[in-house]
Amino acid sequence: MNRYLTAILFALSATGQAQSLQPAPKLVVSITIDQLRTDYIEAFSPFYGQNGFRKLLSQGRVYEAASYPFTPVDRASAIASISTGTSPYYNSIVGTQWLDRSTLRPVVCVDDNKYTVSPAKISTSTIGDELKVASNGNALVYSLASNKDAAVLSAGHAVDGAVWIDDHSGVFTTSNYYPDKGRKWLNAYKSIYSQRTEDEATKNIAIVHAAKECVLANSMGKDDVTDLLCITLSAKGKSATNWQFDMESIYRKLDSVLGELISGIETNVGKQNVLFFITSTGYTDEDKTDYAKFRIPTGTFYINRTANLMNIFLSAIYGQGHYVESCFHNEIYLNHKLIEQKRIGLGEVLNRCQEFLIQNAGVRDVYTTTRLLSGGNDILKIRNGHNPAISGDIIIEVASGWQLYNEDNQEKYISRVSFVPFPIIVYSAGAKAERINTPVTVDRIAPTIAKAIRIRAPNACKAEPLF
C-alpha cells in the first residue's frame, strides 16, 4: 500500500514541478552594441525616451560589472565569445585579423576562398548552431550587423542567414554560404528598401528596420520552436574635439532605435514570448595621443627592428638562418621548420628570445607560447586570448603610453590598459527587475540562453549560466 502512495506522491510532485517551469521563449534576441559604455549610458540618461535604455535598466535584470575573460578584445573576438560561450583559445577567433602562418599574410576572420565570406574559421559551435541541432533544423536563426565579421560570428555555421552592410555599396548583402531561403528573403527586402547608409547612426537605423522585417517576413517567434535573432549595433564615436556633444548624439539616437526595435518585436511576437540579451563588445577605439607634448613618459618601440636584431642574436647562437618569419600587431612568429631542421628545442629558443626582448626599452613583459601554456591564473586572460595554432609564438607587452610601430606595414598604436565599464542586461516580460553588482563574464550569456530554451550550450562552453 505504501508503495502505491509513494508513486502517487511522486507523480503529483513531478506534475507540480512541470507546472512551475516557465515556458521557453518563442524568440530570443541577442543584441550586441559595439563599444557601448556604462558611464556614457548613465551620463546621457536624462535625454532618453521610455522604450530604450530607460526601460531596459528599470525593468531588466542588469549585471553592472561585466567583462571578457580574455585579452586583447576587439569586435570580432568579443562577438565570437558571446556566441560560442568561450574564449579565442578554444573558438580560434583571436581578432578581426591575424597572420596566416602558411602565407605570412594577414587574413580576415570571416574571409573564405570558396564562399568569399563564411564562418569556417570558428572552430566550435555557437548557440545558434546548437539551436539548429536541437530542433532538427526547424528553428530559425538570423543575424544582422553593419560589419560582416559581426554578422557571421554572432550566427554560426548552421544558421539560416547572416546579413551585413557592404562597405562599398552601403546596402545590405550576404554570402552564398547561407541557404537560399535566407538570401531570397534579403533580395525581396532589398527590392523594396534599398536605402544607402553613410554613418553609424544611419546604419543602426537600417539594421533595426531590417531586423523587424526579418522577424515579420520569416514568421519568427510564431510557433513552439524557439527562434534566435542576433543583432549588432554601434555606439562608436568619432575622434571629435567636442567628444561630449558627439557621444550625446550617438547615445540619444541609439536609445531611439533600441526602443523602436524592442517595441516592434514585442508587438509582433508578443511581449511574453520574447527574451532579450543586451551587452557590449567591451572595448573602445583609442584616440591618438601626443604624450610627449605634455611631458608624459613615452617612446616608440619598433617591433620590426627589434625582430631583425633578435634574428641576428639567434644566428650568433645557433648559426646563420632566418629564425624570425614575421611580426603582426605585438606578436612575433618564429620559423618552426628551420628550428626543427637545426634540431633545436623550440622551448629553448623561446627562452632565449624572452631574455633578449625583455631588455629592450619600452618592453614591459614578454609572453611566449611555452609560458602561456604552463602559466597560472595571473596570466590566464592573456592565455585565453591566445590560440597556439594561429597566434604568434611571442607576445610583447609594450609599456603603457609607448607607441608600437611596425615600419614594414606602417601599423602603429599607443599601448593603453583601459577599463571599459559595460553591462549585461536580460529583459523579458517574466524577468525580475534587479541590479546585480557581482562581476560576471560575457561567456556566460550563451549557456544562459541555452538553459532558457532547454538545449545544450555550445560544445566548448565551460561557463555557468548567469541564472
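Author: Contact here means heavy atoms within 4.5 Å. The model is a predicted one.

Confidence comes before detail. The protein chain averages a pLDDT of 92. At least 70 is the score of 95% of the residues. Residues 1-20 fall below 50. Beyond near neighbours in sequence, that stretch has 0 contacts in the model.

In general, strands of a sheet pair through backbone hydrogen bonds, either parallel or antiparallel.

Take strand E11, residues 227-234. Strand E1, residues 27-34, pairs with E11 in the parallel sense over 8 bridges. Within that pairing, Val 29 has Leu 229 as its bridge partner. Strand E8, residues 141-144, also pairs with E11 in the parallel sense, over 4 bridges. There, Leu 144 stands opposite Ile 231.

How many of the residues of strand E11 are buried? The count is 8 of the 8, so E11 is largely enclosed by the rest of the structure. Buried means under 20% relative accessible area. Both faces of E11 are covered. One side carries Asp 227, Leu 229, Ile 231 and Leu 233. The other carries Leu 228, Cys 230, Thr 232 and Ser 234. Every one of these residues is buried.

Go on from E8 to E9. Strand E9 spans residues 161-165 and pairs with E8 in the parallel sense over 3 bridges. Ser 143 of that pairing stands opposite Ala 162 in E9.

E10 covers residues 172-173 and holds Phe 172. The structure holds 18 aromatic pairs. One of them joins Phe 172 to Tyr 189, edge-to-face, at 6.2 Å centre to centre and 65° between the planes. Tyr 189 sits in helix H8, residues 180-192, so named, and the pair links parts of the chain 17 residues apart. Both Phe 172 and Tyr 189 are buried. A second pair has another geometry: the ring centres of Tyr 318 and Tyr 323 lie 6.3 Å apart with planes at 50°, so this pair is tilted. Tyr 318 counts as buried at 15% relative accessibility. Tyr 323 is buried too, with a relative accessible area of 0%.

Asn 311 is found in helix H11, residues 303-318. At 13% relative accessibility, Asn 311 counts as buried. Leaving out residues up to four places away in sequence, Asn 311 touches Gly 321, His 322, Tyr 323 and Val 324.

Now the packing. In soluble globular proteins, nonpolar side chains tend to be buried together. Here the largest nonpolar core has 51 residues. Ile 93, Leu 153 and Ile 424 have the most contacts inside it. Ile 93 has contacts beyond its neighbours within four places in sequence, among them Ala 76, Trp 98, Cys 109, Ile 122 and Leu 153. A second, separate core has 48 residues, including Leu 27, Tyr 40, Tyr 142 and Ile 207. Tyr 40 also belongs to an aromatic cluster with Phe 44, Tyr 48, Phe 53 and Tyr 251.

One more strand pairing is worth a look. Strand E16, residues 363-368, is mostly covered, with 5 of its 6 residues buried. E16 and strand E17, residues 394-398, run antiparallel and are joined by 5 bridges. Val 366 has Ile 396 as its bridge partner in E17.

Charges over rings come next. Arg 305 lies over the face of Tyr 302, 3.8 Å from the ring centre. The charged end of Lys 412 sits over the ring of Tyr 405, 4.5 Å from its centre.

Last, a loop. Pro 72 lies between strand E3 (66-67) and helix H4 (75-84). Is Pro 72 buried or exposed? Pro 72 counts as exposed, at 57% relative accessibility. Pro 72 and Val 417 are 345 residues apart in sequence, yet 9.8 Å apart in space, C-alpha to C-alpha.

Conventions
Residues are numbered from 1 along each chain as its sequence is written. This is a predicted model: local features need pLDDT of at least 70, side-chain atom pairs count only at pLDDT 80 or more; totals for chains, interfaces and linings use all residues. Side-chain values use heavy atoms; hydrogens and water are left out. Buried means under 20% relative accessible area, exposed over 50%, partly exposed in between (1.4 Å probe, protein chains only). Helices (H or I, at least four residues) and strands (E, at least two) are DSSP runs, numbered from the N terminus. Two strands pair if DSSP finds at least two bridges between them. Rings of Phe, Tyr and Trp (its six-membered ring) pair if their centres lie within 6.5 Å; planes under 30 degrees apart count as stacked, over 60 as edge-to-face and the rest as tilted. A charge sits over a ring if NZ of Lys or CZ of Arg is within 6 Å of the ring centre and within 35 degrees of the ring normal. pLDDT is the predictor's confidence in each residue, from 0 to 100. A nonpolar core is a set of buried Ala, Val, Leu, Ile, Met, Phe, Trp, Tyr and Cys residues joined through side-chain atoms within 4.5 Å.
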